[in-house]
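The sequence and structure come first, and the notes follow by topic.

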Amino acid sequence: MLLAWSVCTLAPTDRRDWRNAPENSLRAFQSAADMGVDMVELDLNITKDGVIIIMHDETIDRSTNGKDKPSDYTLAELKEFRLKNGLGRVSNNQIPTLKEVMLALKSRTVEVNLDKSFPYFREAYAILKETGTLDKALFKSDVPFDSLKQRYPELMNNIRYMAVVNLDLPGAKEIITDYLTYLKPYGHHLLVIT
């Protein structure tokens, strides 16, 4: 079983290779793959017209030359904005969709960690099936097993899943035990805050 700690060896790839390309840009994902990383982490969000995009923050203010939430815009409107580079300068890079990223990484050995994806598991699953990249993706969330089962019963046996567990919170052991008993997750991402 894979165990990941909150401080892990994948930290240099956080938000992709943002040192050489704007954070969460298609170019950054490709650059990270070129560097030979094992896994990239990305955060999902959704547009006004229901397209799953890659966006770390709740708004586009910090990472683009736009303002407000992704859900305030259609994909076409979001594509008019440009991502900022690591120095905060506007680049020529657009906000990518999950489909664009998965197609770009499809033939690469890098895997994809779908962070902040729990609200969008069904949409992400459909995109991964469509692009033939389901085997490259790792779904994850910090919800207990019962919550996952209640919300996504049809997906549980069809995805690679990693439970995020804060060991400082009451019930952490039970959460781990429930996942091991009923799901056999890909791994547990164990957090220690104190």
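**Fold and packing summary**

The chain holds 6 helices and 7 strands. The model is a predicted one. Read from the N terminus, its elements follow the order β-α-β-β-α-α-β-α-β-α-β-α-β.

**Dimensions**
- The radius of gyration of the chain is 17 Å, which agrees with the value near 16 Å that a compact globule of 194 residues would have.
- Along the principal axes, the C-alpha atoms occupy a box of roughly 50 × 35 × 35 Å.

**Contacts and burial**
- Of the contacts between residues at least 6 apart in sequence, 60% link residues that are at least 24 apart.
- Of the 194 residues in the chain, 48% are buried.

**Nonpolar cores**
- The largest nonpolar core has 42 residues, and the members that touch the most others are L42, L98, L114, F121, F139, L148 and Y161.
- Helix α4, spanning residues 121-131, contributes the most to this core, with 5 residues.
- Another core of 9 residues lies apart from the largest one, and its members include M55, L75, F81 and I95.

**Surface and charge**
- The accessible surface of the chain is about 10000 Å², and carbon and sulfur atoms account for 52% of that area.
- The chain carries 25 positive and 27 negative charges.
- The mean position of the positive charges lies 3 Å from that of the negative charges.

Technical notes
Residues numbered from 1 in each chain as written. Predicted model: local features only at pLDDT ≥ 70, side-chain atom pairs only at ≥ 80, totals over all residues. Heavy atoms only, no water. Helix = DSSP H or I, 4+ residues; strand = E, 2+ residues; numbered from the N terminus. Rg over C-alpha atoms; globule rule 2.2 N^0.38 Å. Buried < 20%, exposed > 50% of the residue type's maximum accessible area, 1.4 Å probe, protein only. Contact = heavy atoms within 4.5 Å. Areas by Shrake-Rupley, 256 points an atom, 1.4 Å probe, with all protein chains shown as cover. Lys, Arg positive; Asp, Glu negative; His and termini not counted. Charge placed at Lys NZ, Arg CZ, Asp CG, Glu CD. Core = buried A, V, L, I, M, F, W, Y, C linked by side-chain atoms within 4.5 Å.
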